[in-house]
Amino acid sequence: ADIAMYQAKEEGNAFRLYAPEMNIVVHEAMEMETDLRRALDRGELLLHYQPKIDLDSGKITGAEALVRWQHPVRGMIAPGMFIPLAEETGLILPIGEWVLENICLQIKSWQTQGFPLVPIAANLSARQFRNDELIATIQRILQDTGLPPHLLELELTESMIMRNVQTAAETMQELNALGVSLALDDFGTGYSSLNYLRRFPVDCLKIDRSFISDVADDPSAAAVATSIIAIAHSLGLQAVAEGVETEEQLEFLRQCACDSYQGYLYSAPLAVEEFTAMLRQESTR
Ligand code: C2E
Ligand code: CA
Ligand code: CA
Ligand code: CA
């Protein structure tokens with residue numbers, strides 16, 4: 001049986017697809033929940049870092065931290081395989097806290113080693129964003145680690161903030177007051193009202209990979225990407241392109257004056273040692 005089954009269940013068709021093995025699917029999900037619960041204590045979670053590159057200078061201006069699970073039996077598990085389960089069970093709260101803490105400690109460690117510091121972004125889940133303790137948790141982590149807040153960036157999605165606009169706006173104001181910066185992730189895939197966007201204290205729009213991957217062959221994808229960059233700039237926000245894989249896409253983004261980009265073209269997400277080596281190289285350039 002495969003761990004991908006849990007994903008199938010997420011999509012709501014597992015019981016049809018796997019009817020003869022239904023108990024296996026349920027068993028798999030339960031076993032995974034038990035494993036995930038222990039994963040934190042056992043130190044099986046880790047972060048990879050994907051550099052964010054300035055389009056003009058070609059320099060690293062930041063990175064996004066992406067969680068992975070080094071499972072003792074199943075090997076490296078991508079977040080798409082366990083974040084939905086974590087979200088459903090509430091395990092995302094301790095996991096999300098670990099992610100934030102780990103990022104702050106890592107930045108401190110780079111600081112100690114004398115590297116020029118760049119902001120690191122964490123992905124927040126919907127449940128984390130709605131959690132009453134979010135602000136206090138982040139405040140405590142910043143205090144405990146002594147990290148300058150501007151070095152921490154939080155990525156939110158449109159669907160997270162459009163669910164309850166009033167509450168979301170308040171939470172975002174409080175986060176902004178802490179001094180951390182905010183990015184809207186997967187931008188263009190949800191529905192956000194431009195009117196709300198104006199009132200949210202976000203610093204950056206991240207153009208979803210689906211538009212970037214089609215910019216060369218699909219004029220409507222190119223139009224959406226161009227518009228997002230224009231909206232970002234007219235509101236005084238940064239535009240970041242996700243999932244840049246080709247020189248052609250990069251050239252397109254350069255022509256639209258996009259600010260920065262992430263993607264396999266420059267680098268996949270890297271293990272901390274590899275990303276540190278990249279920072280070291282950058283600092284001696
Ligand atoms: P995301 O936030 O949209 O992250 C970008 C995903 O695109 C990452 O997948 C990254 O490895 C991948 N990617 C980057 N460049 C390219 C590219 O050029 N081409 C292609 N095809 N893919 C690229 P990953 O690491 O598997 O993460 C998947 C999703 O899991 C993330 O999507 C995010 O929603 C979630 N996630 C990751 N880490 C965390 C976390 O710490 N907390 C929460 N709540 N969610 C997380
Ligand atoms: Ca993200
Ligand atoms: Ca701000
Ligand atoms: Ca994204």
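User: So a helix here is a DSSP run of H or I with at least four residues, and helices are numbered from the N terminus. Where is the place of G80, then?

Analyst: G80 is in helix α4. Keep in mind that this is a predicted model.

User: Is G80 buried or exposed, or something in between?

Analyst: In between: G80 counts as partly exposed because its relative accessibility is 39%, and that class lies between the 20% and 50% cut-offs.

User: How far apart are the C-alpha atoms of G80 and T171?

Analyst: They're separated by 26 Å, and the two residues are 91 apart along the chain.

User: Switching to the ligand. Where does ligand 1 sit?

Analyst: Ligand 1 is in the largest pocket. Helix α4 (79-89) is one of the elements that give two or more residues to the shell around it, along with β2 (60-71), α5 (92-112) and β6 (181-187).

User: Which of those gives the most?

Analyst: That's β2, with four residues.

User: Which residues come nearest to ligand 1?

Analyst: There are 22 residues around ligand 1, and the nearest are Q50, R68, N123, E245 and Y264.

User: Okay, which atoms does a nitrogen of ligand 1 pair up with?

Analyst: One pair has a ligand nitrogen 3.0 Å from an N or O atom in the Q50 side chain. In another, a ligand nitrogen is 3.1 Å from a polar backbone atom of V67.

User: And an oxygen atom of ligand 1?

Analyst: An oxygen of the ligand lies 2.8 Å from a polar backbone atom of Y264. Overall, the protein covers 80% of the 800 Å² of accessible area that ligand 1 has on its own.

User: New topic: K52. Where is it found, and is it buried or exposed?

Analyst: K52 belongs to strand β1, residues 45-54. It counts as buried because its relative accessibility is 12%, below the 20% cut-off.

User: What does the side chain of K52 make a polar contact with?

Analyst: With the side chain of E153, at 3.4 Å.

User: Last one. Which residues have a positive phi without being glycine?

Analyst: D186 is one, with phi of about 55 degrees. It's in strand β6 and is partly exposed, with a relative accessible area of 27%. A257 is another, with phi near 65 degrees. You'll find A257 in the loop between α13 (247-255) and β9 (260-261), and at 43% relative accessibility it counts as partly exposed.

Methods. Residues numbered from 1 in each chain as written. Chains lettered and ligands numbered in written order. Predicted model: local features only at pLDDT ≥ 70, side-chain atom pairs only at ≥ 80, totals over all residues. Heavy atoms only, no water. Near = heavy atom within 4 Å. Polar contact = N/O pair within 3.5 Å; in protein donor to acceptor, adjacent residues only side chain to side chain. Areas by Shrake-Rupley, 256 points an atom, 1.4 Å probe, with all protein chains shown as cover. 1 Å grid on protein atoms, 1.4 Å probe; cavity = no way out; pocket = protein on both sides within 12 Å on 5 of 7 lines; lining within 4 Å. Sits in = over half its atoms within 2 Å of the grid points. Buried < 20%, exposed > 50% of the residue type's maximum accessible area, 1.4 Å probe, protein only.
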